[in-house]
Each structure stands twice: as C-alpha cells, then as structure tokens.
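Thanks for coming. I will walk through one structure, a few places at a time, and say what each term stands for as it comes up.

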Amino acid sequence: MAQKDTAKAILNAAEELFSERGFAETSLRNITTKANVNLAAVNYHFGSKKSLIQAVFARFLTPFSEGLAQDLVEYRQQLNGRAPQLGELLRLLSSASMRSGGNNPHRLGMFMRLLGLAYTQGQGHLRKFLRHEYGTLFRDYMELITAATPDLSNEERFWRIHFMLGATVFTLSGADALTAMAEHDLGSSADVAQVVDKLVPFLAAGMTAS
C-alpha cells in the first residue's frame with residue numbers, strides 16, 4: 001500500500017471508530033486492525049493518538065474553514081452597509097458543512113458525532129488545536145453573528161449558540177434514522193439537505209426568540 005493510501009486508510013478507520021465508540025474507548029490497535037496496517041504506520045504518519053484525533057478533525061475542518069472564509073469575504077462585500085442577517089449566516093455555515101462532507105450525508109453525520117464527543121469527552125488537546133487552527137475564522141464569524149443579534153447580551157448569546165450547536169449535532173448525527181422515522185411515520189422522504197433546510201429557520205428562531 002502506498003504511503004498516501006496508508007494514511008488515508010488510517011484516517012478512514014479512525015474517523016469511523018472514533019464516531020462509533022468514542023476517543024477513549026478506541027485503541028490504536030482497533031484502528032490498525034480495521035485499516036489493515038501495523039502500529040508503526042500510525043506512528044510514522046501521525047506520531048500519536050492525539051495527533052491522529054486532530055488529523056481526523058482537520059480532514060473535515062480545513063476544507064470547511066477555507067470554503068467558509070471565502071464565503072464570508074463575499075458576504076461582507078455583498079452587505080454594502082446593511083446589517084448581517086442571522087438566517088443568511090446560518091445558511092453560509094450549512095452550505096460550507098455540506099460541501100466539506102463532499103455532499104455525503106454519512107460523512108457529515110460522522111463528523112457531527114465526533115463534534116459532539118469533543119464536547120462531552122475530555123479532549124483538552126483537541127480544543128486547544130481547534131482554537132489554534134481555526135480560531136481566527138471563528139472570531140470572524142462570531143463578529144457577524146453578534147452584529148446580527150444586537151438585542152442579545154453576550155451571556156444570552158453564548159447560551160443560545162451552544163443550544164443551537166446541540167440541536168444541530170443531535171439532528172445531523174442521526175439524520176439517517178430521523179429521515180427513516182419521517183418516512184415511516186409521515187410517509188414523506190427527505191435527504192440531509194432537506195433536513196438542513198428545515199433546521200436552519202428553527203435555529204434562527206431559537207436564537208432570536210424574545
């Protein structure tokens with residue numbers, strides 16, 4: 001197996017196992033077995049389990065952040081003096097997420113499960129990595145969110161953003177099951193893009209509720 005293919009196989013296995021079992025519950029041996037490589041290959045390409053976890057996140061977040069950064073540049077130009085709108089900003093975020101997942105709902109769902117785990121499991125190194133690599137973009141986006149929600153205090157905005165994140169992670173990490181339930185109970189089919197279309201106005205309403 002070529003080195004590039006080996007690294008990709010390790011990342012694929014790690015992404016799937018981390019999202020299914022969690023970070024602490026997944027050993028490097030689990031990953032090497034699934035990827036059909038030896039432990040030396042993991043050490044060669046990634047150096048440590050922590051670095052592998054960071055690489056799994058970077059594989060999704062780097063193209064996401066690059067795409068969103070460009071979208072924000074264009075959006076600021078289009079504002080032409082008017083205030084940013086929350087719904088528009090959430091649409092930019094959802095579009096960048098869909099593109100970064102390669103419009104593959106399975107990959108997007110896996111990443112959302114990983115994002116939820118990053119919050120619920122003690123991964124201080126990961127939060128530090130995310131702040132270092134993507135903090136500038138996050139601050140730029142939050143500046144626009146703040147301008148779009150001028151009636152909220154910083155404290156209220158903090159809580160609502162995290163409630164919004166929780167709803168997003170819950171919905172998209174289980175989108176396959178949710179759409180299957182909708183088809184069974186309502187007789188209507190929907191793909192992940194349609195679920196996102198329904199989710200965005202709900203999130204915007206929650207952020208701006210009186």
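**A walk through the model**

Helices here are DSSP runs of H or I with at least four residues, strands are runs of E with at least two, and both are numbered from the N terminus.

Before going on, a note on where this comes from. This is a predicted model, in which local features need pLDDT of at least 70 and side-chain atom pairs count only at pLDDT 80 or more, while totals for chains, interfaces and linings use all residues. Residues are numbered from 1 along each chain as its sequence is written, and side-chain values use heavy atoms, with hydrogens and water left out.

Back to α9. This helix covers residues 175-186, which is 12 residues, and reaches 16 Å from its first C-alpha to its last, close to the 16 Å expected at 1.5 Å a residue. The expected span is 1.5 Å times one less than the number of residues. Helix α8 has 20 residues and reaches 28 Å from first C-alpha to last, close to the 28 Å expected.

Two other residues have a positive phi, and neither is a glycine. Asn36 has a phi near 60°, and its place is in the loop between α2 and α3 (39-45). Asn80 has a phi of about 50° and lies in the loop between α4 and α5 (86-100). Are these two buried or exposed? Asn36 counts as exposed, at 67% relative accessibility, and Asn80 is exposed as well, at 72%. Buried means under 20% relative accessible area, exposed means over 50%, and partly exposed is in between, with a 1.4 Å probe and protein chains only.

Next, the aromatic rings. How many aromatic pairs does a search of the whole structure find? It finds eight. Rings of Phe, Tyr and Trp (its six-membered ring) pair if their centres lie within 6.5 Å; planes under 30 degrees apart count as stacked, over 60 as edge-to-face, and the rest as tilted.

One of the pairs is Phe23 with Phe57, which is tilted, at 6.2 Å centre to centre and 40° between the planes. Phe23 is in the loop between α1 (3-21) and α2 (28-35), and Phe57 is in helix α4 (residues 49-79), so the pair ties together parts that are 34 residues apart in sequence. Phe23 is buried at 2% relative accessible area, and Phe57 is buried at 0%.

Another pair is Phe60 with Phe64, which is stacked: 6.4 Å centre to centre, 25° between the planes. These two are four residues apart in helix α4, so about one helical turn separates them. Both Phe60 and Phe64 are buried. Phe18, Phe23, Phe57, Phe60, Phe64 and Phe111 form one aromatic cluster.

Ser97, in helix α5, touches Phe60, Phe64 and Leu108, leaving aside residues up to four places away in sequence. Contact here means heavy atoms within 4.5 Å. Ser97 is buried, with a relative accessible area of 12%.

Now for the empty space. Rolling a probe the size of a water molecule over the atoms shows where such space is left. The largest pocket has a volume of about 1,200 Å³. A pocket is an open set of points on a 1 Å grid over the protein atoms alone, where a 1.4 Å probe fits, with protein on both sides within 12 Å along at least five of seven lines; lining residues have an atom within 4 Å of a point. The volume is the space filled by probe spheres set on the points, which are joined across faces, edges and corners.

Which residues are closest to the centre of the largest pocket? Of the 38 lining residues, they are Leu93, Leu115, Tyr119, Phe138 and Leu165. The elements giving two or more residues to the lining are α4, α5, α6 (105-120), α7 (124-148), α8 (154-173) and α10 (192-208). Helix α7 gives the most, with 10 residues. By class, the lining has 29 nonpolar, six polar and three charged residues. Nonpolar covers Ala, Val, Leu, Ile, Met, Phe, Trp, Tyr, Cys and Pro; charged covers Asp, Glu, Lys and Arg; the others, Gly among them, are polar.

Thr168 is in helix α8 and counts as buried at 15% relative accessibility. Thr136 is in helix α7 and is exposed, at 60%.
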